[in-house]
Amino acid sequence: ASQDVTVNIEDNDPPVITGCPGNIVVSNDPGLCSAVVIWTAPVSTAPMISTYLPGATFPVGVTVVTYTSTDADGMVSTCVFTVTVNDTEPPLLSCANVTVNLDASGSGSVVASDILSGVPSDNCAVTTVTLSKSSFTCADIGSVTVTVTATDASGNAATCDAVVTVA
């Protein structure tokens with residue numbers, strides 16, 4: 001006696017990805033608001049695509065990188081890690097000494113642009129510029145040191161001092 005038997009073989013095993021990188025943390029490239037990041041790409045037992053490849057440029061902040069491997073039967077495996085680029089570069093600024101002439105009521109003031117030699121620059125963007133002192137009275141007549149502080153979005157700060165002659 002004989003009997004025909006149908007045997008269905010199912011692939012229930014997803015592809016195997018090895019060498020998935022751990023999370024990566026780097027500083028920005030000098031003068032840039034980004035960084036080129038290199039890692040060793042993982043390998044898989046099936047074709048694989050990625051949202052980013054080693055050597056890609058990443059902006060300051062956190063970016064998710066995903067490798068997806070799909071075999072011929074539609075089984076999928078993923079490798080996911082983050083690339084964090086920290087802005088560690090402070091702004092650049094330069095101060096110049098100035099004179100403030102008090103008005104008839106005995107008061108005077110300065111703003112950052114009065115003291116700065118140009119606009120502060122940063123690899124990303126300067127978000128705040130503050131002065132240690134901006135208003136003057138007769139009590140300040142003479143030389144007063146004013147500190148200008150420029151801060152970027154990542155909290156990096158730089159300072160310069162100017163002598164304000166109050167007359």
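Colleague: Which residues is Thr-63 in contact with, leaving aside its neighbours within four places in sequence?

Modeller: In this predicted model, Thr-63 is in contact with Tyr-52, Phe-58, Phe-81, Thr-82 and Val-83.

Colleague: And where is Thr-63 found, in which strand?

Modeller: Thr-63 is in strand S7, which covers residues 61–70.

Colleague: Buried or exposed, that Thr-63?

Modeller: Thr-63 counts as buried, with a relative accessibility of 10%.

Colleague: OK, what's the order of the open sheet that has S7 in it?

Modeller: The order is S2-S8-S7-S5. That's an open sheet of 4 strands, and the pairing is mixed.

Colleague: Which strands stand at the edges there, and why call them edges?

Modeller: Those are S2 (24–27) and S5 (48–50). Each has a single partner strand, so one side of each is left without a neighbour in the sheet.

Colleague: How much are neighbouring strands of this sheet turned against each other?

Modeller: On average by 20°, with direction ignored.

Colleague: Back to S2. How many bridges join S2 to S8, and do they run parallel or antiparallel?

Modeller: There are 4 bridges between S2 and S8 (residues 76–86), and the two strands run parallel. For instance, Ile-24 has Val-83 in S8 as its bridge partner. Val-83 also turns up among the contacts of Thr-63.

Colleague: What holds strands of a sheet together in pairs, anyway?

Modeller: In general, they pair through backbone hydrogen bonds, in either a parallel or an antiparallel way.

Colleague: Now S13. What's the order of the open sheet with that strand?

Modeller: That open sheet goes S9-S14-S13-S11, with 4 strands and mixed pairing. S9 (98–100) and S11 (126–131) stand at its edges, each with a single partner strand, so one side of each has no neighbour in the sheet. Neighbouring strands here are turned by 30° against each other on average, direction ignored.

Colleague: In which sense do S11 and S13 pair?

Modeller: Antiparallel, over 5 bridges, with S13 covering residues 142–152. Within that pairing, Val-129 stands opposite Ala-150 in S13.

Colleague: Switching topic: how many salt bridges does the count come to?

Modeller: The count comes to 1 salt bridge. The side chains of Lys-133 and Asp-140 meet there, at 3.6 Å from N to O.

Colleague: Why can side chains like that pair?

Modeller: Side chains of opposite charge can pair when their charged atoms come close.

Colleague: And is Asp-140 buried or exposed? What about Lys-133?

Modeller: Asp-140 counts as buried at 16% relative accessibility, because the cut-off for buried is under 20%. Lys-133 is partly exposed, with a relative accessible area of 29%.

Conventions. Residues numbered from 1 in each chain as written. Predicted model: local features only at pLDDT ≥ 70, side-chain atom pairs only at ≥ 80, totals over all residues. Heavy atoms only, no water. Salt bridge = Lys/Arg side-chain N within 4 Å of Asp/Glu carboxyl O. Buried < 20%, exposed > 50% of the residue type's maximum accessible area, 1.4 Å probe, protein only. Pairing = 2+ DSSP bridges. Axes fitted to C-alpha atoms, helices over the stretch in contact; angles between N-to-C directions. Contact = heavy atoms within 4.5 Å.
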